[in-house]
Amino acid sequence: MKRTMLLALTTALAALTINATIPNRAAAQGPRLDFSKVQETPTDLGHGLYMIVGAGGNTTLAVGTDGLIVVDAQFAPVYPKLKAAIGQISSLPVKYLINTHYHGDHTGGNADFARDGATIVAQVNVAKRLRNPPPGPNGQPGRAAPAEAIPTRTYTTHTTISVQGQRAELTHVPNAHTDGDTVVYFPAANVISTGDIVGSESYPNIDVAVGGSIDGMIAGTREVLRMGNADTKIVPGHGHLTDKAGVREYLTMLETARRLIAREIAAGKTEDQMVADKPLAALDVKWAAAGGPFVARFPRLVYESLKKSQS
Ligand SMILES: [Zn+2]
């Protein structure tokens, strides 16, 4: 009975979070993710740090001597696979699960991690958004995450989470991808988990509806570049492992997109006229090549963000 209820909750959360993560019609019409085909693939980053790629945002694992710290929990249905992949690396318990933001492709596994004993850590706005999610793409009301999925250890601007042998430094970046973003730095291993402030392969999402903004994305990316050093390994929210050079290239893309779209706004173009002008055509060569929902959405989100900051 209990297991059935958990499954129902997990399934409901997955459905909710997929919707919450894909705020546009084009993406909703795209192929459905077949979770049964997902494989969890770990990459050893040295000093007990691993990047694990599965379904949803990238996961980072830090192995201490008395427990584990995990950053981001992917979609709910892949939890058993993620748990197994972590178990292959270490049999120690997950003491802390850090959410970089509230989106379901990063928090889907929250309830399962919590049930297995992890304390969920996030910026305070993540707890608010999971409890009281914004409306979906067609205006349908958001559905609250189950109680176990809500972070119980929240912070405002900076905090530190430790297990024996691993320390995670959490920094909040305001109004960037969402209103509750966290960048996580592991100094011993010299690894940064950026959440969705940085992507290494395609245009990012900006959740303008909850206070995300292009200017916050740019500020957050600059913050990432100030952390660590030239050798820092960077786990982006989505895409392959990257480094400072990759993040600098991404920052240039964000700054260029902002400038080109601001120019369209200054010329009095409506959002649809801006899209018709294809101002990002040169950037598309690299950043639209991988496809995905934000190829079409990104210019609109930058436009909407800039318009909102003017009003
Ligand atoms: Zn996200």
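I take a residue as buried when its relative accessible area is under 20%. The model I examined is a predicted one.

**Entry: zinc site**

I looked up the protein donors of the zinc ion and found His101 (NE2), His103 (ND1), His177 (NE2) and Asp196 (OD), lying 2.2 to 2.3 Å from the ion. I noted their spacing in sequence as H-x1-H-x73-H-x18-D. His177 belongs to the loop between strand 9 (166-173) and strand 10 (181-186), and Asp196 to the loop between strand 11 (191-193) and helix 7 (214-226), so this pair ties together parts 19 residues apart in sequence.

I then checked the geometry: the 4 donor atoms subtend angles of 86 to 173° around the zinc ion, which makes the arrangement irregular.

For accessibility, I found His177 at 1% relative accessibility, which means that His177 counts as buried. Asp196 has a relative accessible area of 9% and is buried.

I traced an open sheet of 5 strands in the order 8-9-10-11-12, with mixed pairing. Strand 8 (158-163) and strand 12 (233-235) each have a single partner strand, so one side of each has no neighbour in the sheet. On average, neighbouring strands here are turned by 20° against each other, direction ignored.

I followed the pairing of strand 11 with strand 12, which is parallel over 3 bridges. Ile192 has Ile234, in strand 12, as its bridge partner.

**Entry: helix 8**

I compared the span of helix 8 (residues 244-266) with expectation: at 1.5 Å a residue, its 23 residues should span 33 Å, and the end C-alpha atoms are 32 Å apart, which agrees. At the start of helix 8, I noted a side-chain oxygen of Asp243 within 3.3 Å of the backbone nitrogen of Ala245. Just after the helix, Gly268 takes a positive phi of about 80°.

Methods:
Residues numbered from 1 in each chain as written. Predicted model: local features only at pLDDT ≥ 70, side-chain atom pairs only at ≥ 80, totals over all residues. Heavy atoms only, no water. Helix = DSSP H or I, 4+ residues; strand = E, 2+ residues; numbered from the N terminus. Expected span 1.5 Å × (residues − 1). Polar contact = N/O pair within 3.5 Å; in protein donor to acceptor, adjacent residues only side chain to side chain. Donors = N, O, S within 2.8 Å, 3.2 Å for Na, K, Ca; no water. Tetrahedral: all angles 85-135°; square planar, octahedral: opposite > 155°, others 65-115°. Buried < 20%, exposed > 50% of the residue type's maximum accessible area, 1.4 Å probe, protein only. Pairing = 2+ DSSP bridges. Axes fitted to C-alpha atoms, helices over the stretch in contact; angles between N-to-C directions.
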